[in-house]
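Colleague: I have not looked at this one before. Can you take me through it?
Modeller: Go ahead and ask.

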Amino acid sequence: MTTAPPFRIRIPALGIYYVGLIVLLYLPIAILFLFAVNAGTVLAFPLKGFTFDWFLRLSESTAVLKSALNSLGVAAGSSLVATLLGTMVALVLTRSPFRGKAILFGLSVLPLIVPFVVLGVALLLLFRAFGIGLSLWTVAIGHSIVALPYALLIVTARLAGFDPRLEEAAMDLGASYPTTIRRIVLPNIVPAMASAWLTAFTVSFDEFALALFLAGTSPTFPVYLFSQLRFANRLPVMIALAVLLTLATLALLLLAERIRRVE
Amino acid sequence: MLDRRPTFWALTLPPLVWLGAFFLTPLAMMAAFSTRPDLRGRLMDPWVPSLHQYEVLLSVPSYGRLLAISAGLAFVVALCATVLAYPVAYYLAFRKGRRTGTLLILLLLPFWTSYLLRVTAWKFILGSSGVLNSLLLYLGWIREPIEALLYNRQAVAITLVYVWIPFAALPILAALQRLDPSLLEAAADLGAPPVRRFLRIVLPLSLPGVLGTFFMVFIPTVGEYVTPLLVGGSRGSLYGNIIQDFFTKAANWPFGSALSMVMLVTTLALLAVAVRVVDLRRFIE
């Protein structure tokens, strides 16, 4: 990444461009942060003054907190399923020669490509047709499908860089294939699985497009945030929580990145 | 090998069953449901398959037009995001010194903050009593708020470009990092000036990454419905929004299913084109 090119390029101009773009990318997020500590309920200039009130009021806003807890549960469950299933597919794809490999791979990453609105209404149709009421479970099922490709790609990348001869050696020494997977393969891919789990978790936690169709009466945080957008006086509290959640998400992602690097 | 067989199935069956039940079955049911001619009876009452919904869809030109508009908007968004991300990828690929990894993470972090929140931020920025208007009023640069900023397709396009830029840099960066520096050295030794080296070596060799970025932004954006919902208003709605409308407000699920099928087929067709174009480039390489 750091190999210097043996020719002159106008790096200073590009550096300025990079900084400008970063400023533009962070400006809208910074404005939200400003909203969370602004004393007025409408975000407009001039600002009304600095306050931590919105954060303090969070503890009284049970509906907001409830929706965040809902999201937490959905994300924890769906990311677990996505990671387990994604790891299984990754193991099969990298370790077993079989026909139909391309089909299994295609099927597993296709949820990334199918538009969320299409998958959302299709799942809605499925649940309605079988008389399954909408709930956090239905949201979690949807999220497990769209998070699976992420988990698959992360674990596959790790398995591809891991010498299959280790497994062959174990099996030559008399270990059965399940034992080899348990004793040799799994310990080696645990960091990748943890990273996959954290990624799937954040994917689910932020997901709105599917959840809007699949959430019943108990909303996830993004769905609740969306429903509150037209009530200006309730917004600052929502934004305050969103700011806290954003910081938590970023912390999780940096952790995932660090785990992945450590391997 | 005998030992492997049960393990193979133990590993393959659970994902297959799960994806079959909650990914393929819903899509297949939607395909079946789109052949339902009317709304009579309960959801799963048997029906005689017909192409009635597709006939309606084709007879009303505004649906096709909206799909074309959505594809056009996605095309422009993908083009802008790719062009804007290229210099950043170039900078990160060739800059000297350490901390390049940190600079990359700094670029990617916004992509991992809540999507809904970033789109919402633009609603606050562009609104008639929003940040931009109130700032301009406060500074005395305008007399009354500019209404035209929010609730149109431009607002949707701007927001989407903003959302995609961090991600768009990744495939280009990967392509640039694979570039062999000795090629540039050779070109310089043979007297090629910098602009020529860029146009004849760097740009062609980074083309797979550029095309990768373009399609990775273009394809999902065609089916986008959340951003238009928030910053598009009624004038800025896209094809995805009418699908949503037919499943919620209008509650005409068979017609909504037909609209969805058209969306799905369009997406898969674009994917087929993308796979061909990007792979072809690799092949030439």
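Colleague: Where is the place of B:Leu259?
Modeller: B:Leu259 sits in helix 12 (residues 253–284) of chain B. Keep in mind that this is a predicted model.

Colleague: Is B:Leu259 buried or exposed, and why?
Modeller: B:Leu259 is buried, because 29 C-beta neighbours lie inside 10 Å and the cut-off for buried is 20 or more.

Colleague: What does B:Leu259 touch, leaving out residues up to four places away in sequence?
Modeller: With those left out, the partners of B:Leu259 are B:Leu57, B:Tyr63, B:Ile242, B:Ile243 and B:Phe246.

Colleague: And how many residues apart in sequence are B:Leu259 and B:Gly240?
Modeller: 19 residues, and the distance in space from C-alpha to C-alpha is 9.0 Å.

Colleague: Change of topic. Which residues touch the most other members of the largest nonpolar core?
Modeller: A:Val121, A:Ala151, B:Val77 and B:Ala89, in a core of 159 residues.

Colleague: What does A:Val121 touch, again not counting residues up to four places away in sequence?
Modeller: A:Val121 touches A:Phe213 in chain A, and B:Met30, B:Ile243, B:Phe247, B:Gly256 and B:Ser260 in chain B. B:Ile243 is also one of the residues that B:Leu259 touches.

Colleague: Now helices 3 and 9 of chain B. At roughly how many degrees do their axes cross?
Modeller: Roughly 145 degrees; the axes of helix 3 (residues 61–94) and helix 9 (residues 194–222) of chain B come within 8 Å. The crossing is right-handed.

Colleague: Which residues make that contact?
Modeller: Helix 3 of chain B supplies residues including B:Ser70, B:Ala74, B:Val77 and B:Tyr86, and helix 9 of chain B supplies residues including B:Val210, B:Phe214 and B:Thr221. The contact residues divide into 13 nonpolar, 4 polar and no charged. B:Val77 has already come up, among the core residues that touch the most other members.

Colleague: Which element of chain A has the lowest mean pLDDT?
Modeller: Helix 11 (residues 235–262) of chain A, at 80, while helix 9 (residues 211–214) of chain A has the highest, 96.

Methods:
Residues numbered from 1 in each chain as written. Chains lettered and ligands numbered in written order. Predicted model: local features only at pLDDT ≥ 70, side-chain atom pairs only at ≥ 80, totals over all residues. pLDDT = per-residue confidence, 0-100. Helix = DSSP H or I, 4+ residues; strand = E, 2+ residues; numbered from the N terminus. Axes fitted to C-alpha atoms, helices over the stretch in contact; angles between N-to-C directions. Left-handed = near helix turned anticlockwise from the far one by under 90°. Contact = placed C-beta atoms within 7 Å. Nonpolar A, V, L, I, M, F, W, Y, C, P; charged D, E, K, R; others polar. Buried ≥ 20, exposed ≤ 12 C-beta atoms within 10 Å, placed from the backbone. Core = buried A, V, L, I, M, F, W, Y, C linked by C-beta atoms within 7 Å.
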